Amino acid sequence: MIEFRDVWKSFKNVYAVRGVTCTVQDKEIFGLLGPNGAGKTTLIMTMATVYRATKGDVLVEGHNVNTEPERVKELIGIAFQDAKYDRILTAREILQWHGKVTGIDKSLREKRIDDTLAKFGLTTEARKRTWTLSGGTKKKIENAKIFVQRPKVAVFDEPTAYLDVPSRLMVWEMIDELRDEGSTVVLATNMMDEADRMSDRVGIMSKGEMVQVGPPDKLKGTLRGRDVIELKLKEPMPELLGEVTKVEEVHDARFEGDVLKLELSNGRELLPHMINVVTAKGGQIQSANLKEPSLEDVFLHYTGTKLT
Amino acid sequence: MSQSPSALSILWVLIERDLRTLVKSPWILISRTMFFFIQLFVFATLVNKLVNIPGFNYFEFYSVGAVVSTITSIAFIIGADLFEEEELGLLDYLLSLPFGHSLFVFGRALGGAVRALIYCAPMMILVAYLDGMLTPTAVLGSYVVLFVLATGISGLSITLAMVIRNENRFDVVIAMAELATVRVSAAIYPLYYIPKVIQPAAAVSPVTSASDLIRLLVLGTPTGAYELVELALFVAIFFGLGSVFLFRKLEGGRFE
């Protein structure tokens with residue numbers, strides 16, 4: 001378990017993290033969601049003992065990062081946002097060194113390196129010096145360090161940045177496997193789909209503060225009543241507005257051109273009923289669209305800003 | 001899951017990294033090796049013919065100085081490495097690994113010294129052979145002196161890297177420091193012939209001490225025990241200073 005207790009971190013009087021309090025449970029994937037500059041990386045670095053909190057405490061598996069930094073570092077592995085390794089070395093050499101310094105036995109280390117490189121399709125490229133490789137490949141090697149180490153607490157900072165779609169899916173699968181083996185995963189990302197798909201719980205950060213924490217579905221549920229049904233008709237029929245607003249769950253109805261826009265609760269369940277109401281009154285529906293609140297809407301709601 | 005490695009194995013892994021990165025930069029090694037051979041077999045041979053001092057062989061004198069100045073030059077690289085690691089953010093990665101800051105500092109200074117010694121070890125054997133003193137005592141004794149000097153120079157280099165924040169300024173200062181350390185010393189010319197104004201500085205230079213001690217071992221040139229004290233003092237000061245500055249940067253500067 002990781003506990004952040006009123007954590008503050010400033011750099012020359014500018015606060016990058018402001019009073020963060022939250023808990024990451026064992027064996028969960030905790031998504032840290034926020035735009036660039038929200039304080040995600042600073043919070044991670046504070047947890048990893050690289051930065052010391054200006055105020056507050058971080059406890060990793062009960063060990064305080066300020067008083068037992070070495071014990072904490074034994075438990076943590078970080079895949080950084082940008083590739084952080086000796087680019088003069090080959091991928092295999094980088095992974096071997098990382099495995100050695102984190103105390104993995106040679107035979108196990110070599111097996112994990114072979115497996116990880118094979119999964120990423122890097123077996124051949126692993127012999128080249130990494131400075132010659134593409135941005136995506138460098139990122140895979142950064143992630144690979146953690147898949148070789150398999151730490152108790154695995155931290156990934158933007159793990160799929162620069163990666164193509166198949167590689168993203170592979171990284172997600174490997175992170176899932178890591179969690180299934182017993183690791184707790186902290187996943188900092190500014191990609192909504194990644195946070196939504198991967199996280200058991202999400203912490204939304206904005207301007208250094210943790211503004212909301214919870215499972216993605218529950219957070220989306222807090223915006224209940226904000227579903228939108230869009231029915232595109234052959235031609236606008238203003239007389240329909242009176243009919244549709246008779247349904248209790250409908251909060252608002254209006255025409256935007258020939259599109260009837262309904263804001264309502266339980267949109268998924270009410271969609272067939274609303275289609276029936278419109279067609280019963282002679283409306284000719286050409287297409288129907290249901291929009292439910294996304295994590296992006298949640299983010300917008302709690303921070304007042306768009307993520308992208 | 002993994003086991004925590006011991007302090008010794010961490011030290012070794014840190015040193016190994018410094019060795020690997022040095023070996024992967026062959027042009028640094030090749031250029032310095034070429035410089036060593038050209039200076040020894042062209043410059044020193046030529047000057048030896050021009051110098052006519054009874055009982056003094058400049059080639060032999062210079063050969064020892066060439067190894068000492070080469071190890072000095074290699075040991076200075078560690079500061080540049082640290083500076084680059086800071087610039088590239090690699091230090092964040094290294095500091096997130098499971099070892100304490102003090103072990104990290106110790107490992108880096110030691111790594112700088114070990115790789116400099118490994119690089120210069122064959123040169124020392126060649127020089128001992130050319131000077132007619134290829135004995136285990138002479139060679140091993142010289143290695144000890146070279147290692148001690150390299151440790152101090154690594155400390156000096158780390159100190160400079162930690163004090164200077166601008167990369168261009170650092171490059172200039174490190175080049176000047178390297179030049180001054182080697183030239184203001186009795187590594188490549190006898191102390192007696194050095195201009196009077198810099199003679200006192202050259203006399204207490206650690207490079208002079210190391211050169212004189214190795215000349216005692218391979219050429220039998222007499223020297224005083226004070227050379228040992230001077231060398232030890234240099235190492236204590238700069239290894240200590242380098243460690244303190246690096247440690248303070250890790251604990252202080254980064255950990256505001």
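**View 1. C22(A) and C120(B), two buried cysteines of this predicted model.** C22(A) has a relative accessible area of 8%. This is under 20%, so C22(A) counts as buried. C120(B) is also buried, with a relative accessible area of 0%. A disulfide is a covalent bond between the sulfur atoms of two cysteines. Over all chains, a search of the whole structure finds zero disulfides.

**View 2. The contact between chain A and chain B.** Chain A brings 38 residues to the contact, and chain B brings 32 residues. The size of an interface is often given as the accessible area lost when the parts come together. Here the area buried between the two chains is about 3200 Å². Carbon and sulfur atoms give 55% of that area. Of the area that chain A buries against chain B, 22% comes from K73(A), W97(A) and V101(A), more than from any other three residues.

**View 3. A salt bridge between E16(B) and K100(A).** The closest N and O atoms of the two residues are 2.8 Å apart. In total, five salt bridges are found across the interface of chain A and chain B. Ten residue pairs across this interface are in polar contact.

**View 4. The side of chain A that touches chain B.** The elements of chain A that give two or more residues to this side are β1 (2-11), α2 (69-75) and α3 (91-101). Of these, α3(A) gives the most, with six residues. By type, the residues of this side of chain A are 14 nonpolar, nine polar and 15 charged.

Definitions and conventions
Residues are numbered from 1 along each chain as its sequence is written. Chains are lettered from A and ligands numbered from 1 in the order in which they are written. This is a predicted model: local features need pLDDT of at least 70, side-chain atom pairs count only at pLDDT 80 or more; totals for chains, interfaces and linings use all residues. Side-chain values use heavy atoms; hydrogens and water are left out. Contact means heavy atoms within 4.5 Å. Buried area is the accessible area (1.4 Å probe) that two parts lose on being put together, summed over both. A salt bridge is a side-chain nitrogen of Lys or Arg within 4 Å of a carboxyl oxygen of Asp or Glu. A polar contact is a pair of N or O atoms within 3.5 Å; within protein, one must be able to donate a hydrogen and the other to accept it, and residues adjacent in sequence count only if both atoms are side-chain atoms. Helices (H or I, at least four residues) and strands (E, at least two) are DSSP runs, numbered from the N terminus. Ala, Val, Leu, Ile, Met, Phe, Trp, Tyr, Cys and Pro count as nonpolar, Asp, Glu, Lys and Arg as charged, and the others, Gly among them, as polar. A disulfide is a pair of cysteine sulfur atoms within 2.5 Å. Buried means under 20% relative accessible area, exposed over 50%, partly exposed in between (1.4 Å probe, protein chains only).
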